[in-house]
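Subject: Structure for your review

Dear colleague,

Please find the structure below, with its sequence. My notes on what was found in it follow.

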Amino acid sequence: MSNRHALLELDTVTKTYHLGDVPVQVLHGVSLRIEPGESVAIMGASGSGKSTLMNILGCLDRPSSGHYLLDGRDVSRLNRGDLAEVRNRTIGFVFQNFNLLSRTSALENVELPLIYAGVGTRERARRAKTALERVGLAERLDHHPSQLSGGQQQRVAIARALVSSPKLILADEPTGNLDSRTSVEIMALFQELGDSGITVVLVTHESDIATYARRVIVLKDGLVQSDQRQEPARAVVPPAAEVKTA
Amino acid sequence: MNPLVTFRLALRALLRNKMRSFLTMLGIIIGVSAVIAMVAIGEGAKAQVEKSFAAMGTSLLIVMSGSSSAGGARGGFGSQPTLTWDDLKAIQTEVTSVKSAAAVLRSSASLVSEDQNWTTTVQGTTPEYFEIRTWSIANGSGLTQSDVEGGTKVIVLGQTVASRLFGSGDAVGQAVRIKNTPFQVVGVLQAKGQSPTGQDYDDGAFVPVTTFQSKIQGGLQKFLNGTIFVSAVSAADTTRAQAAVTNLLRDRHRIPPGADDDFSIRNLAEVAGAQQEGTKTMTTLLASIAFVSLLVGGIGIMNIMLVSVTERTREIGVRMAVGAKPHHILAQFLVEALTLSLLGGLLGVAIGIGGGAWLARSFNWPMLVRPDIVSVAVVFSALVGVGFGLYPARKASLLDPIEALRYE
């Protein structure tokens, strides 16, 4: 097990912010390994450091000390440009508030990562279309975010995360702005992605969302408090809901 | 990411806020159109001055006799004949930078046709004169060398004189009398218009210089009782020719070093130059005011780009999260600023040319669009866009993706 190539490997990662002259340490040395294909929920109360951990895992931020190996490569000291490239190739993001570009069609939103990957126009449209079909939005390619429901917007965001075939999907409270039925739909989609071999890491403070994950890591005060594997609950969409969202 | 994609992205973003984009461009539009229109009108005025000087003859020098001085009253240039016919010959043959030279003797005289009369300046000269003044014959023929040698009684009329004496009829072949001497009209000159001071060139008549001396105004045989028109081999050689003629005449007149010339030479290129200088100053002044307004337009672009960066902080965060590098963001905003300014510049060119033409027509000003100024204005507006877009674009590219994503 130990000589197998982990997808993510954190080695005593700390993060200290400086609020003016006062240093505030948020992560106190987090070490963890996530293997390819795992589905992991990171939980913790606000202030536990889970957002900070998420930012570091997503290569949006760098650790103050310690090492972070993503897909075998130490990314803890990369510069902004190189981190952007890592995000572009290896990571797909899903946010609580969707973060789609307004007044931009679903298709173009999904194409966005491919633009920065230098993919040509035609190939970009083809792959974006495939990704949108995969999340069940084949009929909504030209719709703008304002013309889509919350659940549909989050599906567009997931398609955007999927389009560059990343190894890791990072979801930050992906169901935080959704009603419970839509939340189950989205979780079902994540489980489906997990089954197809993509590593899904989601950050949440809702324990019922965490039950859909195979592994639950709980953070407290900047340290890993518990790390447990479990048999995940299957997210099954109630039949009535299917009729409504069809 | 290829430039075309970046450009399309910028165009999209600008079209999202059409009114705002237009108002932002307006500064550049006004600046560029002002530059184009002002310079076009300035250049038009310059061209008009040039044209009126060209009508006098290019690379022209006028040599006049010295002044007489009797009992303290000084007579002005030309009042005392100092130039001789031999001087003329010397100028024609000895100065290499001189193309040709001609004597002009003048007298006011009344020309009488069968039923009309008209008083004008009759000038005795040689065929070279018309060459120097670049003045050609409209009808009939000009004075010839044999006319000068033989002292024939032929006359060439200016357009004004011809129409005063013969109306719309053909003047060539008709007879006019000057002081009871009949002259045959052999030709009518082309219209030449006015001098820069408003004198009508076409109100004059020309006879062979020999005939002038024998029939109109007898003079001293040795002295040339008039002026000498000299043309240099080229406009650039005018100053050199002036110096050479001055030296030659001082030498011939045995004027010791330090003493004043007993003749004077008018260099029309100098007069024209002074006139040109005036219009050039005006053009420069107008153009610099217009360029300042371009700068103001640039500040407008910077202002709006800063607002745009703030408004679109979230978008920037999203783009960075999905893999936009800082230079992608920089390029995106820079190209937006560049598109605004360049589009403004091009619209400004169109409006500047159109507006200039309208002004020119309604105020009857001459106008001359200079392609180099047009391209300078467009390039300058692009530079303004890049210059003033750089700061907002850099600000955008330095945003922290985490904070940008959280921005409300």
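In chain B, buried residues make up 40% of the 408 residues; a residue is buried if 20 or more other C-beta atoms, placed from the backbone, lie within 10 Å of its own. This is a predicted model, in which local features need pLDDT of at least 70, side-chain atom pairs count only at pLDDT 80 or more, and totals for chains, interfaces and linings use all residues. Residues are numbered from 1 along each chain as its sequence is written, while chains are lettered from A and ligands numbered from 1 in the order in which they are written.

Overall form. Chain B has a radius of gyration of 34 Å, whereas a compact globule of 408 residues would have one near 22 Å (taken over C-alpha atoms; the globule rule is 2.2 Å times the number of residues to the power 0.38). The C-alpha trace of chain B spans about 105 × 55 × 40 Å along its principal axes. Its secondary structure comes to 13 helices and 12 strands (DSSP runs, numbered from the N terminus: helices are H or I with at least four residues, strands E with at least two).

Strand β4(B). Strand β4 (residues 98–112) of chain B is antiparallel to β11 (residues 227–232) of chain B, with six bridges joining them; strands pair if DSSP finds at least two bridges between them. Within this pairing, A102(B) stands opposite F229(B). β4(B) also pairs in the antiparallel sense with β5 (residues 117–125) of chain B, over eight bridges, and the two form a hairpin with four residues between them. There, S108(B) stands opposite T121(B). A further antiparallel pairing, over two bridges, links β4(B) to β8 (residues 175–178) of chain B, where V112(B) has R177(B) as its bridge partner.

Helix α6(B). In α6 (residues 159–166) of chain B, the buried residues are Q159(B), V161(B), A162(B), L165(B) and F166(B). They lie on the same side of α6(B), because they cover an arc of only 165° around the axis (the arc of the directions from the helix axis to the C-beta atoms). Their cover includes β4, β5 and β8 of chain B. Just after α6(B), G167(B) takes a positive phi of about 60°.

Interface. Contacts (C-beta atoms, placed from the backbone, within 7 Å) involve 18 residues of chain B and 20 residues of chain A. On the side of chain B that touches chain A, α10(B) gives the most, with six residues.

With kind regards

Key
Two residues are in contact if their C-beta atoms, placed from the backbone, lie within 7 Å. A residue is buried if 20 or more other C-beta atoms lie within 10 Å of its own, exposed if 12 or fewer, and partly exposed in between; C-beta atoms are placed from the backbone.
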